[in-house]
Each structure stands twice: as structure tokens, then as C-alpha cells.
Amino acid sequence: MRLSKYFLPILKETPAEAQIASHRLMLRSGMVRQASAGIYSWLPMGFKVLRKLENIVHEEQQKAGHIPLLMPTLQSADLWRESGRYDDYGQEMLRVTDRHGRDMLYGPTNEELITDIFRSSVRSYKDLPLTLYHIQWKFRDEIRPRFGVMRGREFFMKDGYNFDLTEADALHAYNRHFVSYLRTYERMGLKAIPMKADTGPIGGDYSHEFLVLAETGESEVFYDASVTDMTFGDRAIDFSDHAALQSIYDEWTTPYARTDETHDADLFAKVPGTAQRTSRGIEVGQIFYFGTKYSEPMNAVVIDESGERVPVHMGSHGIGVSRLVGALIEANHDENGIIWPEGVTPFHAGIVNLKQGDTDADAACEGLYQGLLAKGLEPLYDDREERAGAKFASMDLIGLPWRVTVGPRGLKNGVVELTSRRTGESEEMSPQAAIDRIAQIYGRA
RNA sequence: CGGGCUAUAGCGCAGUCUGGUAGCGCGUUCGUCUGGGGGACGAAAGGUCGUGAGUUCGAAUCUCGCUAGCCCGACCA
């Protein structure tokens with residue numbers, strides 16, 4: 001993309017309403033624009049990042065054997081009356097009435113709809129296990145939306161639901177989500193720590209929240225420092241192997257890691273003093289096993305081997321995709337702007353032409369641009385008639401991980417400069433070497 | 001929902017107390033010079049002062065109502 005042809009409304013000054021770094025930077029870098037309280041338009045670059053995250057979530061879910069579908073945003077109130085949640089949910093649920101006077105609602109979550117889909121089509125235990133998910137806009141009419149997309153009223157979320165014959169199978173589904181979530185966040189360049197979560201009135205031990213450590217996080221978290229060193233890495237996973245997934249689950253849940261909701265001071269005291277950490281975290285996902293809570297009242301049953309009608313065991317599992325954009329920025333920025341991890345960056349590299357209109361500089365930039373495109377990469381070429389300082393400031397603000405700087409001075413010696421946004425370190429090399437290096441970084445060599 | 005606050009040009013703000021021609025910086029447009037970290041000079045465009053009513057010869061300014069938004073708290077992916 002050539003910046004002169006793109007729509008990237010960068011702001012030099014920070015809009016007054018933005019308090020935290022991610023919100024400020026998203027507004028300044030032209031990623032989003034507030035439409036009304038807690039509701040945002042996603043401008044081209046923000047939309048690009050959102051789509052990248054969505055794709056990663058889709059890929060990792062499908063690797064785990066989970067099946068995508070798409071449910072609507074507007075739902076009939078009838079299903080919610082059936083589960084008993086129409087009255088329980090309160091004012092957080094946006095209720096609307098259609099022209100026939102029917103009660104509708106903008107879905108805050110989808111347990112009822114998915115259960116209805118399931119029960120109308122599945123009759124036999126032979127159709128289990130089944131895990132369906134979708135990534136769709138949700139609406140929760142928060143009393144006080146804030147922090148930009150981190151706590152909006154309208155938000156984009158992946159929510160998945162497993163249907164299993166037995167508790168043991170459902171817990172395997174729980175582990176599948178646990179492991180696939182670890183992989184998902186790691187691919188995004190995020191350190192998200194699974195923490196034992198509050199299960200609310202249902203009880204049991206089976207809920208974990210995934211938290212990204214950040215000063216601006218909403219929850220206070222307590223953990224053993226060793227969890228921050230754990231990486232999932234590239235290991236091969238057989239998602240149908242119960243024992244293998246259980247051992248990964250055990251591995252990750254052994255070190256102490258809890259939010260203030262489930263914090264146990266006595267247990268925490270047993271963590272070696274030097275490893276005890278207290279911090280703040282942003283919740284970016286949660287997994288939950290809730291047994292037959294919805295299947296019983298909504299009559300989601302299958303016939304088991306002995307011919308008995310039994311309610312299915314279910315769980316629900318969410319990843320806040322739009323929130324992740326904010327969380328990523330909270331975890332990856334400095335005083336000059338965003339620093340995108342390679343896995344989610346809106347463009348793979350920026351090309352800065354220091355002297356637009358200079359024959360050599362223009363030609364070199366064009367060569368770099370075409371060369372990167374040919375490698376299957378998306379460069380952002382700053383071909384505006386701006387001075388060097390303005391171009392550098394823009395690039396730092398939008399935070400592409402790699403920048404190629406092209407100017408007459410370097411070209412005299414046949415070199416351009418490749419700079420890491422994260423470390424600020426630069427290296428001079430030929431244009432072709434820069435193309436090859438960037439391609440290698442992104443595995444497109 | 002309780003408490004605090006804001007609304008004036010695309011963005012950041014002054015002007016309101018004490019009523020009298022609506023301003024500044026950034027950004028935008030044009031020109032000249034410049035050219036490796038938000039450059040200089042010159043010119044220009046851009047405003048129902050959130051909204052409705054009232055007071056007044058006259059309202060951005062005073063009064064009352066309404067709306068929208070922000071911050072702190074309780075609540076939440």
C-alpha cells in the first residue's frame with residue numbers, strides 16, 4: 001500500500017477523551033473512531049489488525065477440531081425466557097421490539113441460540129463430541145464503557161460451545177480450548193497467563209481466565225514468576241489425545257497464578273518469596289465448563305448407548321477479539337507509538353522515502369516496494385511529500401516492526417537502512433538484502 | 001446507578017466570572033525556499049459557539065430545561 005493512496009487519518013495531538021495508552025494510540029494512529037459511547041468504527045488500519053487476529057483465532061480453533069458457524073446478532077427473547085436468563089440478565093442486555101411488537105435482543109452471548117441449534121439437530125451420542133464456535137459482534141450495555149475498545153459496549157468476540165456425552169469428554173474439550181488458547185495468544189506475540197477464575201454460582205474448579213500483564217489492567221493478579229518464562233513454542237499437538245492435553249494443562253496450571261477473585265493468600269505464601277509477583281492484568285479470554293446448566297432447562301439431550309435420554313455436558317469458551325487489539329497495544333508500545341508484534345502487524349514493513357521526487361530515491365523505493373510484494377508481503381510505502389521527521393514520526397506511531405529508510409545519502413553507497421521498531425537498531429545493507437532479510441523474518445524467504 | 005466534570009473550526013485549547021465585530025496553536029489548501037527525526041516565510045479556506053426556551057436594545061457569555069461525552073466508584077469479554 002502506498003500511504004498517499006491509503007486512508008490513515010493520523011492525529012498529531014491526542015483527543016481529550018482518551019486516557020490510556022492503547023486508546024490514545026488507536027485514535028492517534030487512525031485505527032478507530034468513536035461513533036458513540038463504547039461503540040467504534042474500525043478505520044482501515046484498525047480493521048486490518050482486527051481481521052488478522054480473527055484469522056489467527058479461526059486457524060487455531062480449527063486446528064483443535066472446532067467447527068465455525070455464524071449466528072446472528074439479533075435474537076428472539078423467547079429462547080432467553082426458556083433458559084430463564086431474559087429476566088436475570090438485567091439492563092446490560094439491549095432489548096428492542098420489532099414492528100410486530102415481538103421482543104428481540106442484541107445478543108450479549110450465545111448459549112441459548114447454540115443450544116437451540118444443537119437440540120434441533122442432534123439426537124444421538126454418536127454425533128458427539130461436537131464443538132461449534134463463531135466470531136461475531138456482541139453488545140452489552142455497560143453502565144460505563146471506557147478504555148476505548150478494551151471495554152466497549154459493542155465488541156467482537158469468539159465464543160465456542162462444546163457438547164459432550166460425559167463430564168470426562170467435556171473436560172477434554174476444556175483442555176482443547178486451554179491448549180488452543182495458549183497457541184493463539186503466543187502466535188499474536190502476547191504473553192497471556194491462564195489463571196484460575198471465579199466460577200460463580202455454578203461452582204467447581206473448571207474456569208480459567210487468560211490475562212495479559214499490563215499496568216492498565218482491570219484485575220489485580222498474583223502469580224509465580226516462573227509462569228512468565230513458560231512458552232508453548234512449536235510443539236506438535238494431537239488434539240484428540242486426552243492424556244497429552246491433560247499433561248499440558250497440568251504443566252501450565254501448576255505454578256500459582258490467580259486473579260484477585262480467586263486469590264488464596266495461604267497458597268501464594270508457599271511460592272518462593274523471590275518468585276512472588278503482584279501485577280495487573282487484562283482479561284483476553286475465558287474458558288468454562290458448566291455441565292448441564294443449559295442443556296437441562298432447554299432440553300438438549302441425546303440418546304446414550306443404553307437408550308437413555310441424557311442431557312449433554314457443555315462448556316463455553318471466549319476470546320475477546322476486539323479487546324485484544326487494545327491489549328496488544330497496552331503490552332507493546334513506547335512513548336513514540338505502537339510496536340506491533342510480527343504476527344499481527346497491519347503491514348509487514350514500512351518504506352520511508354526521505355526525499356520524495358529524487359530520481360534515485362524514488363526508484364529505490366519502488367524497487368523495494370515491488371520486491372516485498374513479490375515475496376507475498378504487504379509493505380506500507382510512505383510516498384507522501386513530507387519531510388523526513390514527519391515520516392519517521394508517523395512510522396513510529398503506527399508501529400510497523402520493520403522500517404526501510406531510503407535516502408540519497410545512503411544510495412550513493414548503494415545502501416538502505418533496515419531498522420527494528422522494537423530495538424531501534426539499524427543496519428545498512430543493499431536494497432535486495434533488505435528485501436531478503438524481511439522475507440526471512442516473516443518466513444517468506 | 002452514586003459522585004465529579006466537559007461541550008467554541010478536523011484535533012488541542014483560550015474567550016464565559018464582568019453581555020457589545022468569535023480568537024490562538026496544530027492540521028488543511030496555494031506559493032517560495034528547504035530536505036536524514038513533526039522546518040521557515042507569505043497567502044487562504046474553514047464556526048448553527050451541543051440543543052431548546054427565556055432575560056436583554058444586544059447572549060459563546062446570564063437563567064431554566066434537554067442531549068451527548070469524559071473521569072472516579074460499584075459491575076463486566
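1. Basis. This is a predicted model, where local features need pLDDT of at least 70, side-chain atom pairs count only at pLDDT 80 or more, and totals for chains, interfaces and linings use all residues. Residues are numbered from 1 along each chain as its sequence is written, chains are lettered from A and ligands numbered from 1 in the order in which they are written, and side-chain values use heavy atoms, with hydrogens and water left out.

2. Overall build. Chain A comes to 13 helices and 23 strands. Helices (H or I, at least four residues) and strands (E, at least two) are DSSP runs, numbered from the N terminus. The radius of gyration is 24 Å, close to the 22 Å of the globule rule for 445 residues, so chain A is as compact as a globular protein of that length. That radius is taken over C-alpha atoms, and the rule is 2.2 Å times the number of residues to the power 0.38. The C-alpha trace spans about 80 × 60 × 40 Å along its principal axes.

3. Of the 445 residues in chain A, 53% are buried. Buried means under 20% relative accessible area, exposed over 50%, partly exposed in between (1.4 Å probe, protein chains only). Among contacts (heavy atoms within 4.5 Å) with a separation of 6 or more, 70% join residues 24 or more positions apart.

4. Trp80 and Tyr89. Rings of Phe, Tyr and Trp (its six-membered ring) pair if their centres lie within 6.5 Å; planes under 30 degrees apart count as stacked, over 60 as edge-to-face and the rest as tilted. Trp80 and Tyr89 have ring centres 5.7 Å apart and planes at 80°, so the pair is edge-to-face. Trp80 is buried, at 0% relative accessibility.

5. Phe178 and Tyr249. Their ring centres are 5.0 Å apart and their planes at 65°, so this pair is edge-to-face. Phe178 sits in helix α6 (residues 167-187) and Tyr249 in helix α7 (residues 242-253), so the pair ties together parts 71 residues apart in sequence. Both are buried.

6. Ring cluster. Ring pairs link Tyr174, Phe178, Tyr181, Tyr185, Tyr206, Phe210, Tyr249 and Tyr289.

7. Phe347. Phe347 is in the loop between β18 (337-338) and β19 (349-353). Phe347 is buried, at 1% relative accessibility. Leaving aside neighbours within four places in sequence, its contacts include Met1, Tyr6, Glu378 and Pro401.
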